[in-house]
Amino acid sequence: LQVAQRAFVILSQPRTAEEYESALRDLEREVDRLIHLSTDLLFLARLDQRRLPWRPQALDISDLLDAVVEQIQPLADAKGLLLETTMEPGLVIQGDPDHLIRLFLNLLDNAIKYTPPGGQITLRAGKEGTGVWVALSDTGPGIPAEHLPHVFERFYRVEKARSRESGGAGLGLAIAYEIARWHGGTIEAQSEPGHGTIFTVHLPFRPPEAHVVE
Ligand code: ATP
Ligand code: MG
């Protein structure tokens with residue numbers, strides 16, 4: 001851990017306020033990254049052990065998405081990204097709100113992280129025969145076809161350099177995939193490199209019976 005070593009060096013003799021501030025900022029970033037990583041690893045470990053909390057209830061996907069967008073809007077604003085939503089109202093399904101929030105936060109986090117400033121992110125949702133669909137599109141760099149089938153794998157990152165500067169572990173999409181699957185749904189990615197990416201989530205009105213029992 002380079003940051004911890006740097007903190008050790010900083011503490012070894014008196015420093016200026018600016019040096020302390022800079023070291024603290026680095027530490028803060030590193031702590032955030034580690035919390036994020038351990039939370040994600042714990043989620044997947046619990047899921048693999050079938051010990052994930054599972055509290056399905058009737059919820060409106062459009063309300064849930066509104067709340068998620070409100071939470072993430074400041075990040076989009078800070079990066080100069082336009083975040084638009086077009087949703088049919090009344091998309092009621094049975095699902096676990098905490099998990100679904102996590103699923104959509106992970107997708108939105110990626111869209112914001114990988115789309116360059118000035119870009120656009122569009123969230124659409126509607127009803128289909130057996131449930132609801134949610135599509136998130138961005139005007140980012142896209143994902144080359146050879147990588148597309150792998151992006152839902154744990155620890156998979158398309159460009160190591162691209163991800164390293166934004167600090168991801170490559171777990172966000174694996175978690176999104178598992179949450180969709182746990183609800184009896186699916187998630188898929190389409191991309192046109194150079195133009196953008198679309199992630200589409202399909203969620204049934206009701207999750208599989210086996211999952212409804214706590
Ligand atoms: P983490 O989500 O664990 O913080 P991450 O964002 O790198 O890290 P994933 O969310 O699983 O990991 O995404 C896997 C990879 O897919 C990313 O590293 C990135 O290369 C690519 N990717 C995901 N979403 C997009 C997107 N909207 N546009 C372009 N590339 C994307
Ligand atoms: Mg991610």
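## Strand pairing around β5

Strand β4 (residues 120–128) runs antiparallel to β5 and is joined to it by eight bridges; strands count as paired if DSSP finds at least two bridges between them. Strands here are DSSP runs (E) of at least two residues and helices are runs (H or I) of at least four, numbered from the N terminus. β4 and β5 form a hairpin with two residues between them, and Ile121 stands opposite Asp138 in β5.

β5 also pairs with β7 in the antiparallel sense, over eight bridges. Ala135 has Thr200 in β7 as its bridge partner. Seven of the eight residues of β5 (residues 131–138) are buried, that is, under 20% relative accessible area (1.4 Å probe, protein chains only).

## Basis of the model

The model is predicted: local features need pLDDT of at least 70 and side-chain atom pairs pLDDT 80 or more, while totals for chains, interfaces and linings use all residues. Residues are numbered from 1 along each chain as its sequence is written, chains are lettered from A and ligands numbered from 1 in the order written, and side-chain values use heavy atoms, without hydrogens or water.

An oxygen atom of ligand 1 is 2.8 Å from an N or O atom in the side chain of Tyr114. An oxygen atom of the ligand is also 3.0 Å from a polar backbone atom of Gly170.

Terms used. Polar contact = N/O pair within 3.5 Å; in protein donor to acceptor, adjacent residues only side chain to side chain. Buried < 20%, exposed > 50% of the residue type's maximum accessible area, 1.4 Å probe, protein only.
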